[in-house]
Amino acid sequence: MQLDSSIAAVVTGGASGLGAATARRLASHGVKVALFDLNAAQGEALAREIGGVFCRVDVTSEAQVDAGFAQARAAHGQERVLVNCAGTGNAVKTASRDKATGEIRHFPLANFDRIIQINLVGTFRCIAKSAAGMLTLAPLPDGDRGAIVNTASVAAQDGQIGQAAYTASKAGIVGMTLPIARDLMNEGIRVNTILPGIFDTPLLQGAPEHVKAALAASVPFPKRLGQPAEYAQLAESLILNGYLNGESIRLDGAIRMAPR
Ligand SMILES: NC(=O)c1ccc[n+]([C@@H]2O[C@H](COP(=O)([O-])OP(=O)(O)OC[C@H]3O[C@@H](n4cnc5c(N)ncnc54)[C@H](O)[C@@H]3O)[C@@H](O)[C@H]2O)c1
């Protein structure tokens, strides 16, 4: 697939961080980009900057996702590209004892379910709806009808203390990548997943400098946090390279996360 103004794309979580960098990169080729996000202020500002559209979408809501695709397609036509970046995390131990009071508690199941709903079910919801729309398109000369990129995390493979829900959600994305690629293989839609290591996004910007420095030092090479533009570059490659399909790729400077 070539990236130019004949291509429409949807980027979920596109108002911030990795999604915003990807939206900017796609738009730099002339691609018409729709941003799905909860954050209307940032999403609208970025949409203005890149000449795209912002759709206020919570990926856990079937009705909002449907309305978002309808809005994006009314503005740009049927998308050939979907990049799923919407996601969130939490850190709670499965069961633990309060050191001061001795009180015993466990991971609240509603919190576990919320992470799964946003990261895993939300990603699949957008894939299923987008792929169904892509089936209405004619294939391009190279046979591609569409390309989908998902965002997991290195936590899918080396989840840390407190990351049971986050890891389960991200491992689910990695696990479903191949069967979805197989589901869509006769339709010319490729599906790949990126497992980012530690990236310098708003997700981390709340962390104190010494914590960020320690995280950077823990990366084998290069000894720094990943830049959102580096994620965007890989997302672009996964879209452009017609032989990449059903794959999950770590983008992490060779980091392997320790238990904490
Ligand atoms: N930054 C990292 O180090 C890192 C590492 C591994 C994986 N990831 C993953 O990359 C993705 C992007 O993270 P980021 O670092 O850019 O974070 P970010 O917080 O900058 O961006 C995430 C965006 O997703 C949006 N979002 C959250 N819940 C949503 C929902 N229910 N519906 C629609 N939009 C929603 C947020 O509003 C936000 O704009 C996430 O899935 C995250 O888990 C990030």
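Predicted model: local features only at pLDDT ≥ 70, side-chain atom pairs only at ≥ 80, totals over all residues.
Val-59 brings a polar backbone atom to 2.9 Å from a nitrogen atom of the ligand, while at Gly-197 a backbone N or O atom lies 3.4 Å from a ligand oxygen atom. With the cut-off for a polar contact set at 3.5 Å between N or O atoms, the Gly-197 pair, at 3.4 Å, counts too. On its own the ligand has 820 Å² of accessible area, and the protein covers 91% of it.

Now let us step back to the whole shell. The ligand is surrounded by 25 residues, and Ser-16 is among the closest, together with Asp-37, Tyr-166, Phe-199 and Thr-201. By type, the shell divides into 14 nonpolar, eight polar and three charged residues. Three helices each supply at least two of the shell residues: α1 (17-28), α5 (164-183) and α6 (202-205). As for where all this happens, the ligand sits in the largest pocket.

Finally, take in the chain as a whole. Its secondary structure comprises eight helices and nine strands. How does the radius of gyration of the protein chain fit with what a compact globule would have, and why? A compact globule of 260 residues would have a radius of gyration near 18 Å, and the protein chain has 18 Å, so the two agree.

Terms used:
Residues numbered from 1 in each chain as written. Heavy atoms only, no water. Near = heavy atom within 4 Å. Polar contact = N/O pair within 3.5 Å; in protein donor to acceptor, adjacent residues only side chain to side chain. Areas by Shrake-Rupley, 256 points an atom, 1.4 Å probe, with all protein chains shown as cover. 1 Å grid on protein atoms, 1.4 Å probe; cavity = no way out; pocket = protein on both sides within 12 Å on 5 of 7 lines; lining within 4 Å. Sits in = over half its atoms within 2 Å of the grid points. Helix = DSSP H or I, 4+ residues; strand = E, 2+ residues; numbered from the N terminus. Nonpolar A, V, L, I, M, F, W, Y, C, P; charged D, E, K, R; others polar. Rg over C-alpha atoms; globule rule 2.2 N^0.38 Å.
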